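Thanks for making the time this morning.

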Amino acid sequence: MKFKKKILCIGAGYVGGPSMAMIAYKCPDYRITVVDINPDRIDAWNSSELPIYEPGLEQIVKKTRGKNLFFDKDIENQIKENDIIFVSVHTPTKTYGTGADMTADLQYWEKTARQILKYSRSSKIVIEKSTLPVKTALAMEKILSSAKSKFNFEVLSNPEFMAEGTAISDLENPDRVLIGSHETKNGLKARAELIKLYSRWVPKENIITSNIWSSELSKLVANAFLAQRVSSINSISALCEKTDADVSEVAKAVGMDKRIGDKFLKAGIGFGGSCFKKDILNLVYLCRFYDLKEVASYWENVVRINEYQQERFVSNILHSMFGTLAGKKICILGFAFKADTGDTRESPAIYISQKLLMEHAELIISDPKALKNAAVDLSGIKGKVKYIEDPYQAAAGCHALVILTDWDTYRKLDFHKIYKSMVKPAFIFDGRNIIDHKKCFSIGFNVYPVGKPALSHFKV
Ligand code: UDX
Ligand code: ADP
């Protein structure tokens with residue numbers, strides 16, 4: 001079949017894989033190829049067990065793979081063959097040198113830019129899809145124009161706003177698609193090309209354009225605002241625990257104000273995921289760079305409250321269980337940073353598990369999708385850890401259940417059955433406020449939610 005357009009995506013991760021699968025699904029006359037430096041990733045995308053779990057992803061990959069969606073290892077050849085290149089390589093927080101623990105490590109990005117320059121045999125549109133610090137496009141342009149190539153490289157910013165667990169529906173019905181470009185003749189031409197692509201399934205009014213720097217900054221700011229809401233309600237949960245107020249009732253009353261809205265007001269153990277912390281720290285670094293100290297410290301506190309929430313949660317477990325966890329068996333229900341994903345990047349479960357192990361607790365970790373990642377995250381940490389997928393088997397013989405991920409299945413567990421199999425007095429620490437606390441209390445559990453009064457059978 002002759003394809004109308006040939007599109008390449010460099011980086012076959014959580015962003016590149018699903019977003020390209022959606023383009024292939026919506027544009028059967030376009031050929032989409034995804035490459036990665038990690039050959040195992042490509043093999044996994046070509047196998048029956050995809051490298052990431054995302055509801056609905058497998059179905060659209062099955063419909064498109066081998067028809068107009070291809071996963072390939074030959075980066076050099078694919079750069080030569082394609083004229084539109086999305087870049088979605090990862091940009092982790094830097095762990096060394098200047099900006100360590102704050103700014104993004106752009107080495108993968110720079111390598112990609114150099115590869116594009118080296119192997120190109122025609123002009124290209126290069127689209128930043130990964131979340132990047134503001135002005136990365138400028139660095140990309142500098143590299144792409146460094147060799148006095150006869151080809152034109154037009155850099156666009158098209159940040160991805162999808163969330164994990166709902167990636168497919170977010171990609172299919174995005175609140176908005178943002179395209180940042182230069183307002184030059186070539187910039188506008190490239191922008192029009194990308195608008196044409198998204199118009200295949202996104203209503204025109206939801207496709208918005210801006211200059212490149214606004215586009216890059218908007219992505220950081222959107223994530224910072226979302227994270228700020230989570231930290232705001234979590235800070236109030238601490239106050240609720242002191243005053244016998246109930247954080248869910250407060251969130252409901254506050255969120256019904258249309259100006260505030262009810263989303264992202266769920267108190268819990270804090271936010272995880274690959275984006276929120278990284279993006280806020282990028283924002284903080286940028287503010288410091290421009291000597292905006294007050295702005296930097298305002299946003300930095302969103303991350304600080306998130307850490308505080310996790311510290312508080314662990315210390316609550318320790319104190320409620322009579323000040324010692326040594327030798328006690330604790331069943332961790334959920335290790336993923338949120339429900340419906342196997343992703344554990346920056347998951348609060350990592351910190352909380354480490355702290356519980358430091359108290360010499362024995363952990364039995366259960367999760368429907370994230371056990372492989374959990375084992376990698378906790379490898380090298382001293383202490384006794386078992387991984388058991390079945391929550392009933394995991395809980396049997398334990399002193400406490402600690403709910404760390406809002407998996408729907410945990411709401412529906414048979415807590416009578418679990419209670420019978422546990423050591424008494426049995427505890428539940430519901431880090432996501434998802435189960436029926438009163439019911440569990442009536443079964444016999446001592447129940448400790450977040451931001452609500454504890455339900456305990458102890459008289460003192
Ligand atoms: C986020 C953004 O939502 C998305 O737009 C961006 O493209 C990538 O980063 P993601 O990290 O996949 O998406 O998950 P999200 O649903 O935003 O949740 C982030 C974290 O906040 C999770 O750990 C979640 O459990 C937590 N959270 C969210 C809360 O604790 N309370 C809430 O009310 C909402
Ligand atoms: P994200 O959540 O941003 O998608 P991931 O870590 O899931 O991040 O995916 C990024 C992918 O980019 C990884 O599979 C990694 O192997 C790949 N990658 C990194 N650098 C390069 C490169 N220079 N060329 C091709 N792929 C790369």
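This is a predicted model: local features need pLDDT of at least 70, side-chain atom pairs count only at pLDDT 80 or more; totals for chains, interfaces and linings use all residues.

Residues are numbered from 1 along each chain as its sequence is written, and chains are lettered from A and ligands numbered from 1 in the order in which they are written.

Back to D29, which is exposed, because 11 other C-beta atoms lie within 10 Å; the rule is that a residue is buried if 20 or more other C-beta atoms lie within 10 Å of its own, exposed if 12 or fewer, and partly exposed in between, with C-beta atoms placed from the backbone. Leaving aside residues up to four places away in sequence, D29 touches F3 and K4, a contact being two C-beta atoms, placed from the backbone, within 7 Å. D29 and M1 are 28 residues apart in sequence, and their C-alpha atoms are 8.7 Å apart in space.

Now to the whole protein. It has 18 helices and 14 strands, and of its 460 residues, 47% count as buried. The radius of gyration, taken over C-alpha atoms, is 24 Å, which agrees with the value near 23 Å that a compact globule of 460 residues would have; that rule is 2.2 Å times the number of residues to the power 0.38. Along the principal axes, the C-alpha atoms fill a box of roughly 80 × 50 × 45 Å. Among contacts between residues at least 6 apart in sequence, 73% join residues at least 24 apart.

How is the protein divided into domains? The assignment gives domain 1 (5–202) and domain 2 (211–460), and such bounds come from an automatic or database domain assignment. The centres of domain 1 and domain 2, taken over C-alpha atoms, are separated by 32 Å. The contact takes 28 residues from domain 1 and 26 residues from domain 2. On the side of domain 1 that touches domain 2, the elements giving two or more residues are α6 and β7 (177–181), and β7 has the largest share, with four residues.

Let me turn to the ligands, for which a residue counts as near if its C-beta atom, placed from the backbone, lies within 6 Å. Ligand 1 is surrounded by 19 residues, the closest being A163, K266, F271, G273 and C275. Its shell draws at least three residues from each of domain 1 and domain 2, and helix α9 (residues 212–243) gives the most, with three residues. Around ligand 2 there are 21 residues, of which G11, G13, Y14, V15 and H90 come nearest, and the largest share of that shell, three residues, comes from α5.

Finally, there are some backbone details to check in the model. F264, in the loop between α10 (247–255) and α11 (276–289), has a positive phi of about 60° although it is not a glycine. D340 is not a glycine either, and has a positive phi of about 65°; D340 is buried, with 20 other C-beta atoms within 10 Å. The peptide bond from K424 to P425 is cis, with omega near -5°, and P425 is found in the loop between α17 (415–421) and β13 (427–430).
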